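Subject: Structure for you to look at

Hi there,

Here is the structure I promised to pass on. Please open it in your viewer, and then read my notes below.

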Amino acid sequence: MVGERSEKDEEKSFLDRALKMLAIRDHSRRELGDKLRAKGCGEEVAERILQRLADWGYLDDNRYAAQFVKNKVRNGWGGRRVYGELLRHGVAVEIVEEVCQSLREESGDELSRALELARRKASSGRDYASIGRFLAARGFVPRVAAEAARLALEEFSNPEKCGE
């Protein structure tokens, strides 16, 4: 009875920790499980906690991925980087592909988003290679990064074209 009580107390303690982590920010299921296990939570206890949180609606990889995409696109990330980071956070491929498809539908094409960033870099005196590397590091495919850099520098060198 004493051992059973301490096991339930331990599970409650880890559940409380998980709820506190989720109160700070959303997590993917794998990410939260990894954090619990790193704190000493056993595999079975972690799975029970994760399932309970999912049943309560506090842990949802679809919601996590959608929010992740919105935040990262707002910060100028390209689709390739968003895709890779979601996979790294343990989100299922099917969910990643779904949210990335909705990203393409909602926020326009990658070129327009890359061009917005490239214009800022061009106006601060950056050259073609520097802008291209910056965009590639943000997760834009090389073709898009190159085209955005070219267009931004063309607009910057010919300011009357910017209003067209």
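What percentage of the 164 residues in the chain do buried residues make up? The share is 36%, where buried means under 20% relative accessible area, exposed means over 50% and partly exposed lies in between (1.4 Å probe, protein chains only).

Before the rest, a word on the ground rules. This is a predicted model, where local features need pLDDT of at least 70 and side-chain atom pairs count only at pLDDT 80 or more, while totals for chains, interfaces and linings use all residues. Residues are numbered from 1 along each chain as its sequence is written, and side-chain values use heavy atoms, with hydrogens and water left out.

**Overall fold**

The chain has nine helices and zero strands, with elements taken as DSSP runs numbered from the N terminus (helices are H or I, at least four residues; strands are E, at least two). With a radius of gyration of 22 Å, well over the 15 Å that the globule rule gives for 164 residues, the chain is more spread out than a compact globule. That radius is taken over C-alpha atoms, and the rule is 2.2 Å times the number of residues to the power 0.38. Along the principal axes, the C-alpha atoms fill a box of roughly 80 × 25 × 20 Å.

Of the contacts between residues at least 6 apart in sequence, 59% join residues at least 24 apart; a contact means heavy atoms within 4.5 Å. The chain exposes about 9,900 Å², with 51% of it supplied by carbon and sulfur atoms. These areas come from the Shrake-Rupley method with a 1.4 Å probe, and for residues only the protein chains shown count as cover.

**Charges and salt bridges**

There are 31 positive and 30 negative side chains, and the centres of the two sets lie 5 Å apart. Lys and Arg count as positive and Asp and Glu as negative, while His and the chain ends are not counted. Each charge is placed at NZ of Lys, CZ of Arg, CG of Asp or CD of Glu.

The structure holds 15 salt bridges, each being a side-chain nitrogen of Lys or Arg within 4 Å of a carboxyl oxygen of Asp or Glu. Here are some of them:

- R52 pairs with E11, their closest N and O atoms being 3.4 Å apart. This bridge links distant parts of the chain, from helix α3 (residues 43–56) for R52 to helix α1 (residues 2–24) for E11, 41 residues apart. R52 is partly exposed at 31% relative accessibility, whereas E11 is buried at 11%.
- R88 bridges to E85 with a closest N and O separation of 2.9 Å. Both lie in helix α5 (residues 79–88), three residues apart, about one turn of the helix. R88 is exposed, at a relative accessible area of 53%.
- E116 and R120 meet at 3.6 Å, N to O. They are separated by about one helical turn because they sit four residues apart in helix α7. E116 is partly exposed, at 47%.

**A loop residue**

R126 sits in the loop between α7 (110–123) and α8 (128–137). Its relative accessible area is 33%, so R126 counts as partly exposed. Leaving aside neighbours within four places in sequence, R126 is in contact with K121, I131, F134 and L153. From R126 to L153 the C-alpha distance is 8.8 Å, and the two are 27 residues apart in sequence.

Best wishes
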